[in-house]
Amino acid sequence: MNQNGNTLILVAEDDDDHFLLTREAMEVAQLHCRMDRVRDGVELMDYLRRQGKFAGLSGNPLPSLIFLDLNMPKKDGREVMGEIKEQSPFNRIPLLAFSTSLAQEDVERGYALGLNSFFRKPTHFSEWVAMMKLIKSYWLETAVLP
Amino acid sequence: MTTPDTKKTATPDSPPWLEQIPAILWVTDKNLILTHSSGTALVHLGFKQHENVGKNLLDLLESRDPEHLPVKAHRQALEGISSTYETRFMGRTYHTHVDPYRDTQGNIQGTIGIAFDITDRDEAQESLIQKTTKTLKYQRALLSLARMKTPLIDEALRNITKMDAHTLEVSRVSIWFFNETRDSIVCQVLYLEDRDGYESGSVLCAEEFPDYFKALESSRTIAADHAREDPRTYEFNSSYLTPLGITSMLDVPIRLSGMVVGIVCHEHVGPPREWSPEEQSFAASVADLVSLAIEASERKKAEVALRKTTEELIRSNQELEQFAYVASHDLQEPLHKIIAFADRLQDRLEKHLDQDPKAKDYFQRLQGGANRMRQLIEDLLQVARITTRAQPFEEVDLDLILKAVISDLELRVKKSGGEIHVESMPKIRGDALQLHQLFQNLLGNALKFSRPGISPQVQVKSRLLQTGLVEISVIDNGIGIDPQYWEKIFKPFQRLHSREQFDGSGMGLTLCQKIVERHGGKISVSSRLGQGSEFKILVPFPHSPPMTSQP
């Protein structure tokens, strides 16, 4: 069952604290996998397209999951969502969005664009852990990924 | 061509009443020889009474021109045709009727004429026409001034003075206003007819013309035909009237809410002129128009100012709401970090804290405070979202909303051992999400604020009011609210109990009020301490029949 180690998750998160919480919650939830991080929408697209400072990744497999923070500098998650979902082969990567607050229009637009899940960033660390456990059991242990 | 016959029937034998008729009567024979005439007739015409009988009418008329109306009429009468005409004779106007004169067999024996002197009537008519024409001219001028739509008072006054001068045919028409201290008047505009131009700016000190200003206060118009001698206007003579050749003045005070604020002045140059009542009344109307123009301009100014203020208020209110939203939203994030990392810290220090109860207590207080702040911010955000994140109105079935709310509250109802009883609810137009929130809060409160040992009984009722509103009541048997707090409880963060008694941020009813207000309604409470409360909501009921189609 421990095939998590081969899974690559791309985390798009500008906030170091949130990144730390995400990472630690994943650890506690025993969601063991490789993780790459980008800090804004521009970097995210560069990463996926293997261009700019990510040109060296060319030939490496794409991530199995993307964690997308909605509020990022330069190009925020709202913009980048459409770009990812419009473009093959990126559009087949499950895209999970996270935000501190959930504005109704963001949620609706996100799902309309093909977003796979929308999460409110939890407050308590125990909630972070619970969320990561769910993500692990659903996306990595139950659902079939491309 | 006279005959003895005609002489015999001549005027001296005419009955006396004939002389009294206010008309001229005459009869001729077939040869148009005058056989009878009423006494006044020929005297009136300047002839001596008897001299004319026996004379040929055509000689008397001094015309044989067949187209001359009297000649034509008498000739036609001999042929059996009657005619009516108006003619002027010796300076007077006559309405004349000439008929054939027939004997008992119906044979034409001559002519018979009757003429009424209508000179006076004509003159009266003429002067009436003149008067009417003038009145019409005045009315038209006033109408066109009244229709004038310029919010610019200076332009309005220019139009008024020019139109006034042309209508009354006056050389100089000016409008003056008192200054703020009311000790002098300032000429706002003076129209000069001869130049078709304007001047302004002259100032007159009221002190120097006491009689004039006294008269002004008490008159509707000052019509001074001989302005230089008139007791009301003589003060202007040496400095003003004589130098400018002004002889007659027609001045009208401009009143605003009863107070004289200015004057419309008409100054006539040339031989003295008598101001007719019509002219005076026209001038008075012009003054009324000026005060209307001032009022309109003031009102316009006030309207513009009011609109600006309103827009400003709306804008600043929106900004404030937006600010509240953004501020509380942005406050959320660092707070969440504090809470999350406090959790982390607690995990790491768990063993240490177990050995140090004081540190553990501090730590818990820290977390309690952070959690409480989180709750406050969340509630604040909810209130801000009522307007900043509003959904468009749709038809909402309150029955369904209440069912959903009760199902949300099911666990709490069970735990409290109480009951919620809902009567049939109407369909209204609104934001379903917000209405859900509204009833969730109200029913939640009704369950929460129950008396110890008494299971909460909550009733929700509605009734249609004549005013087109729906009244929805949420009635409970809880602890009740002291009347002095009835209004206060809707204010943000207002709480009546300690958190140990009843938890909460004090934003619940603020949220309710905001939601009701967004739906164009009102919420109020009436209650008796220790006996329960009734929250009443009034919202508009849609006039369109509710849609009945249900899936």
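Visitor: Which side chains meet in a salt bridge at 2.5 Å, N to O?
Guide: In this predicted model, the side chains of A:Glu24 and B:Arg344 do, with 2.5 Å from N to O. The count between chain B and chain A is three salt bridges.

Visitor: Which elements of chain B give two or more residues to the side that touches chain A?
Guide: They are helix 10 (277–355) and helix 11 (357–388) of chain B. Helix 10 provides the largest share, eleven residues.

Visitor: And how do the residues on that side divide into nonpolar, polar and charged?
Guide: Three are nonpolar, five polar and eight charged.

Visitor: What area is buried between the two chains?
Guide: About 1,500 Å² is buried between chain B and chain A, and carbon and sulfur atoms give 52% of that area. B:Lys337, B:Phe341 and B:Arg344 supply 33% of what chain B buries against chain A, more than any other three residues.

Visitor: Changing topic: how many aromatic pairs are there over all chains?
Guide: The count comes to 14. One of them joins B:Tyr191 and B:Tyr198, a tilted pair with 5.3 Å centre to centre and 55 degrees between the planes. B:Tyr191 is buried at 0% relative accessibility, whereas B:Tyr198 is partly exposed at 25%.

Visitor: Why is the pair of B:Phe490 and B:Phe535 edge-to-face?
Guide: Because the planes of B:Phe490 and B:Phe535 stand at 80 degrees, and over 60 counts as edge-to-face. Their ring centres are 6.3 Å apart.

Visitor: Where do those two residues lie?
Guide: B:Phe490 is in the loop between strand 17 (469–475) and helix 15 (508–518) of chain B, and B:Phe535 is in strand 19 (residues 532–540) of chain B, so the pair ties together parts 45 residues apart in sequence.

Notes
Residues are numbered from 1 along each chain as its sequence is written. Chains are lettered from A and ligands numbered from 1 in the order in which they are written. This is a predicted model: local features need pLDDT of at least 70, side-chain atom pairs count only at pLDDT 80 or more; totals for chains, interfaces and linings use all residues. Side-chain values use heavy atoms; hydrogens and water are left out. Buried area is the accessible area (1.4 Å probe) that two parts lose on being put together, summed over both. A salt bridge is a side-chain nitrogen of Lys or Arg within 4 Å of a carboxyl oxygen of Asp or Glu. Helices (H or I, at least four residues) and strands (E, at least two) are DSSP runs, numbered from the N terminus. Ala, Val, Leu, Ile, Met, Phe, Trp, Tyr, Cys and Pro count as nonpolar, Asp, Glu, Lys and Arg as charged, and the others, Gly among them, as polar. Rings of Phe, Tyr and Trp (its six-membered ring) pair if their centres lie within 6.5 Å; planes under 30 degrees apart count as stacked, over 60 as edge-to-face and the rest as tilted. Buried means under 20% relative accessible area, exposed over 50%, partly exposed in between (1.4 Å probe, protein chains only).
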